[in-house]
Amino acid sequence: MKAAKVYEENKEKMILVRYEDFNNGKLNTIENLANNLSIEKKNDISNKLDVQYQRKGKPNVDWEEFFGIDNLQRIEVICADYMNYFEYNTRYI
C-alpha cells in the first residue's frame, strides 16, 4: 500500500512496470524503459533475461491455503482501491 501510494502521488516522475507485464515481455519492457529514459542500447541482453539470480520460489502457491479465505478477504478490502487502480482483479470481496 505504501509503495502504491508513493507511485500514485509521484506518477508524473515515475514509470510503472508491473511484475506480470515484465514477465510477459521482458525484452520489450526493458527496451521501452530504456527508450523512455533516453538510455542508449549498447548490448544484446536477450541471453540474460531468464537467468535465475535468486533462489526460485514456489510458482504455484495456493493463495487460499497459504493465507486462508478470511485473510484474503481482509487483504482485498484493504487493498481494493489500489488493486483496481493497477488493474488487478479482486476475487474474495
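Ser-38 is exposed, with a relative accessible area of 69%; here buried means under 20% relative accessible area, exposed over 50% and partly exposed in between, with a 1.4 Å probe and protein chains only. The structure is a predicted model, in which local features need pLDDT of at least 70 and side-chain atom pairs count only at pLDDT 80 or more, while totals for chains, interfaces and linings use all residues. Residues are numbered from 1 along each chain as its sequence is written, and side-chain values use heavy atoms, with hydrogens and water left out.

Ser-38 sits in the loop between α3 (26–36) and α4. Although Ser-38 is not a glycine, its phi is positive, at about 55°. Glu-87, in the segment after α5 (69–85), also has a positive phi, near 65°, and is likewise a residue other than glycine. Its relative accessible area of 66% makes Glu-87 exposed. For context, most residues other than glycine have a negative phi.

Turning to the overall fold, the protein has five helices and zero strands, and its elements run α-α-α-α-α from the N terminus on. The radius of gyration is 17 Å, well over the 12 Å that the globule rule gives for 93 residues, so the protein is more spread out than a compact globule. That radius is taken over C-alpha atoms, and the rule is 2.2 Å times the number of residues to the power 0.38. Helices (H or I, at least four residues) and strands (E, at least two) are DSSP runs, numbered from the N terminus. Along the principal axes, the C-alpha trace spans about 50 × 35 × 20 Å.

What share of the 93 residues counts as buried? The figure is 15%. Among contacts (heavy atoms within 4.5 Å) with a separation of 6 or more, 35% join residues 24 or more positions apart.

The structure holds seven aromatic pairs. The ring centres of Trp-63 and Phe-66 are 6.4 Å apart with the planes at 90°, so this pair is edge-to-face. Rings of Phe, Tyr and Trp (its six-membered ring) pair if their centres lie within 6.5 Å; planes under 30 degrees apart count as stacked, over 60 as edge-to-face and the rest as tilted. Both residues belong to helix α4 (residues 63–67), where Trp-63 and Phe-66 are three residues apart, about one turn of the helix. Trp-63 is partly exposed at 49% relative accessibility, whereas Phe-66 is exposed at 59%. Trp-63 also forms a stacked pair with Phe-67, at 5.6 Å centre to centre and 20° between the planes. Trp-63 and Phe-67 are four residues apart in helix α4, a separation of about one helical turn. Phe-67 is partly exposed, with a relative accessible area of 31%. Elsewhere, ring pairs link Tyr-7, Tyr-82, Tyr-85 and Phe-86 into a cluster.
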